[in-house]
Amino acid sequence: MKEVKYQQSLVDQMNANLTSITLVILAFTGIFVVVSVALINNTIRLAIYSQRFLIKSMQLVGATKGFIRKPFLLYGIWHGLLGGLIAVIILVGTLYRQILKYLTW
């Protein structure tokens with residue numbers, strides 16, 4: 001059995017630094033989530049506002065709310081899936097590159 005010697009004060013300082021860095025990253029994450037929700041909300045409002053005359057015409061001829069919402073939902077789902085696919089491709093490419101870099105050492 002081998003014994004490991006270390007400075008307890010150094011380990012405590014590293015843990016304190018890690019905790020503070022984690023809190024800063026968590027704060028930035030919260031800010032980014034709030035900003036992204038605000039951007040999504042404004043984008044949806046702009047999309048509806050730009051189609052307001054079409055929506056009003058559809059309401060005048062008796063279209064249901066579900067019939068009016070359907071194109072907006074399909075458009076949002078399509079863009080969400082496309083954005084997620086692009087993110088996954090970039091992530092897999094980055095990980096693959098890092099794995100190859102690690103293996104060629």
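Author: The largest pocket is lined by Leu39, Ile40, Thr43, Ile44, Ala47, Phe72, Tyr75, Gly76, His79 and Gly80. This is a predicted model, where local features need pLDDT of at least 70, side-chain atom pairs count only at pLDDT 80 or more, and totals for chains, interfaces and linings use all residues. Residues are numbered from 1 along each chain as its sequence is written, and side-chain values use heavy atoms, with hydrogens and water left out.

Reader: What makes a set of points a pocket, and what makes a residue part of its lining?

Author: On a 1 Å grid over the protein atoms alone, a pocket is an open set of points with protein on both sides within 12 Å along at least five of seven lines, and a lining residue has an atom within 4 Å of a point. The largest pocket has a volume of about 250 Å³. Two elements, α1 (8-50) and α3 (65-103), each give two or more residues to its lining; helices are DSSP runs of H or I with at least four residues, numbered from the N terminus.

Reader: How do the lining residues divide into nonpolar, polar and charged?

Author: Six are nonpolar, four are polar and none is charged. Ala, Val, Leu, Ile, Met, Phe, Trp, Tyr, Cys and Pro count as nonpolar, Asp, Glu, Lys and Arg as charged, and the others, Gly among them, as polar.

Reader: Why is Ala47 called partly exposed?

Author: Buried means under 20% relative accessible area, exposed over 50%, and partly exposed in between (1.4 Å probe, protein chains only). Ala47 has 28%, so it counts as partly exposed. Ala47 is found in helix α1, and its C-alpha atom is 8.3 Å from that of Phe72, 25 residues apart along the chain.

Reader: And why do Phe28 and Leu91 get their labels?

Author: Phe28, in helix α1, has 49% relative accessibility and therefore counts as partly exposed. Leu91, in helix α3, has 51%, which is over 50%, so it is exposed.

Key:
On a 1 Å grid over the protein atoms alone, a cavity is a set of points where a 1.4 Å probe fits but cannot get out, and a pocket is an open set with protein on both sides within 12 Å along at least five of seven lines; lining residues have an atom within 4 Å of a point. Grid points are joined across faces, edges and corners, and a volume is the space filled by probe spheres set on the points.
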